[in-house]
Amino acid sequence: MNIFEFIRDPSQIGPWFNEVLLSTGMQPWVANLIGDIIGVLLVVIVVLSSAIMLIWLERKIAARLQDRLGPNRAGRYGLLQTLADIVKLLTKEDVTPDGADRVSFNLAPALMVMQIIMVAAIIPVASGLVGANLSVGLLYFVAMSGIASIGALMAGWASNNKYALLGGFRVVAQLMSYEIPLAFSLLAAVIWTGTMATNDLAIKQGELLFGFIPGWNIVVMPFAALIFFISILAEGERAPFDLLEAESEIVAGPNIEYSGLKFAWFYLQFFVNSLLLACIFATVFLGGWQGPFVDQFPILGVGYFFAKSLIVLLALMWVRATYPRLRIDQMMTFCWKVLVPVTLVVVLIVAIGARVTPDRNINAVIISVANIVALFVTLGIVGRSLRRDVERRKAALPGAYTAQV
Amino acid sequence: MSATIPLSWFLLVGAGLFSIGLYGALARRNAVAVLMGIELLLNAVNINLVAFNRYIVPQQVTGQVFAIFVLAIAAAEAAVGLALIISIYRSRDTVNLEDIDLLKG
Amino acid sequence: MVLANFQFILILALVGLALPFIGVGVAWLLRPKKPNKLKSSTYECGVETYGDAWAQFKAQYYLFALIFVIFDIEAVFLFPWAVAYGGLGFYALLQVVIFIILLFDGLIYAWHTGALKWQ
Amino acid sequence: MAITYLHLIFLALAGFTLLCALGVVASRNLFHSAIWLIGAFAGVAGLYWLLEAEYLAIAQIMIYIGAIATLIVFAIMLSRGMMIGRVKMNNFQAGISAVVAALLFLMLSFVLLQVNWPVVEQAVSVDPIPMIGEAFVTTYVIPFQVIAVLLSVALVGAIMIARER
């Protein structure tokens, strides 16, 4: 095999490497083990190095959206800012507060990092280029976010600090609540595509509807995609759902007692988690690595995939830099009284719509139209109940709300 | 591949987990600790179900389906049990099972 | 195949769990170590901390966790059904619709009694 | 019987699980018990995966670690004073329970090493997840619906009990 073949299709490197190892007379399990260790190290390196770029990008873009300059001292355009931060955090004193529970205090950041690294394993970057194409892929992703909530709860409890514990409670309540619409909007996509494995999801979305419309899930079920987007805003603890770091209320969430590198791990989890959520959105709803000529040149998939993920990530940053924070009661009410019932309705729409006619193209149109109708009906109902709420408050408090509402 | 591991090894782990869980459920004073023991018992049962599924009817999924049902029942049990514990704690200010011996609240 | 994935995920989990400790170990070599009483006291807004933080919290959080648990189990039941759905008939759809409606009842009850209202 | 590296993985996982389970029943601090419990759940998930039941391993992590363990930790925190240490954690029957548990373990292991299990040397089915999904709505449809009823009853009951009036 020549080098151009590998550039054209990088997913062949793995099997080729395995063959090379086997040809040296190695036991098969040793060859597999070496291959797996190299794969794991690649995943970890990609995660850590993407974090360095990502933190700079996020700070710069948030600054520009808010008419600030952002990091601009270390290196050109402040590109070296994150490296400078790493050096600072490494050389910072690490304080463990009195009365902290040492075991859980040290375990909590490790759990946070473990979550992001484990989720990174199922992201298909190009055709076949994925850490592990698990047959339970999407459910694995949902299960891993449970580890992050355990980590946050542990950090909050171990710090022996009231703010940290309150922050831990809040963040877990938030992560849990929004995990339900997250999981059920994924369920809608699984019903339509019939697989949970991430790479197979991307393959399935390569089919064209009526021969020319890309069969991405966002086309088939725009409302499910919107619900998933809102849920990843909350799962990534981003504004308007960043109650975790509501400075004016609870200082900084469960990680206030952490300093030095242990704090850095929480910080890393926050940024990389949003990138991974954006990648999952791109994989499930935007067709993953699908794009023109990807069959002939699978390497193009890497470009398509990162372009799609970056667009989602930019949308996340945009929302974060623009919207004010919600109150916790508004957030929980919105999740349980709006998102969860609506998501169940969307699941039913997709399940029924996939069975209306034997023709998949026509079913896709039916599901898509039903999704859009459901979106407008939901907006109508929510709008009406919000208006009624304002009316009620106006009646209760005459004199307030003189300005136009 | 995993058939190279003898079935009895998995069953031994199940038996060990069951015994530890039984000790936890019998010996602990705290109601939440007793509940944790019961969760260990259910896990031990599940290990056996899945192991028998793998070794005796590998082409079917009967054991796994039953294990998922056990999982769901364990969760329902934990939810109601912990709700009871919280409610008792609120009215009696204790969660020690030795102190909760009245039939009327 | 399943076991090959298992090995990968197992190594990944071990590395993921070990990595933060390795980082903290490296930092331990570099960083200053001068703890004192004031530094390691609990962070609060300037005043001395009163009592420990392990205080009682309201049952509201528990109620939300409860509803979450029920829906989580529902997801575990529905995901394999969704994968199999392509090869199943109308009867399968009917059963799942009943399943979802039965669980929806619980949510409506919670809504009705005000358990979903954050006080 | 040749010892392969799979045996070593099994022994490591089994040892980890049993160690964590011992931690659950031996720890004096209730919160530490909960952390050990999470470890034991993770170990059991690993064992499922070793038995090639991938779906069940993930369901175990999702339900036991993501949901039940969180519920237990919440309940511990909601009842103040439960984890403040130095109180006696075991009741008067601790000694006899230990004896009973040890005897039970010896008896079980004696029995299950005696039995000649009808083990089948076969590979698992290629794609078990659709089979599980199909079993829910065909063979096991009645348990499936009973579980739905049970879950909604559990939800209603637990809310009724736990609400502050």
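Helices (H or I, at least four residues) and strands (E, at least two) are DSSP runs, numbered from the N terminus. By that definition, the elements of chain B run α-α-α from the N terminus on. This is a predicted model, in which local features need pLDDT of at least 70, side-chain atom pairs count only at pLDDT 80 or more, and totals for chains, interfaces and linings use all residues. Residues are numbered from 1 along each chain as its sequence is written, and chains are lettered from A and ligands numbered from 1 in the order in which they are written.

**Chain B: fold and shape**

- Chain B has three helices and zero strands.
- Its radius of gyration (taken over C-alpha atoms) is 17 Å, well over the 13 Å that the globule rule (2.2 Å times the number of residues to the power 0.38) gives for 105 residues, so chain B is more spread out than a compact globule.
- The C-alpha trace of chain B spans about 55 × 25 × 20 Å along its principal axes.

**Chain B: packing**

- Two residues are in contact if their C-beta atoms, placed from the backbone, lie within 7 Å.
- Of the contacts in chain B between residues at least 6 apart in sequence, 49% join residues at least 24 apart.

**Contact between chains B and D**

- Chain B brings 63 residues to the contact and chain D brings 74 residues.
- On the side of chain B that touches chain D, helix H1 (7-27), helix H2 (31-56) and helix H3 (62-92) each supply at least two residues.
- H3(B) gives the most to that side, with 20 residues.
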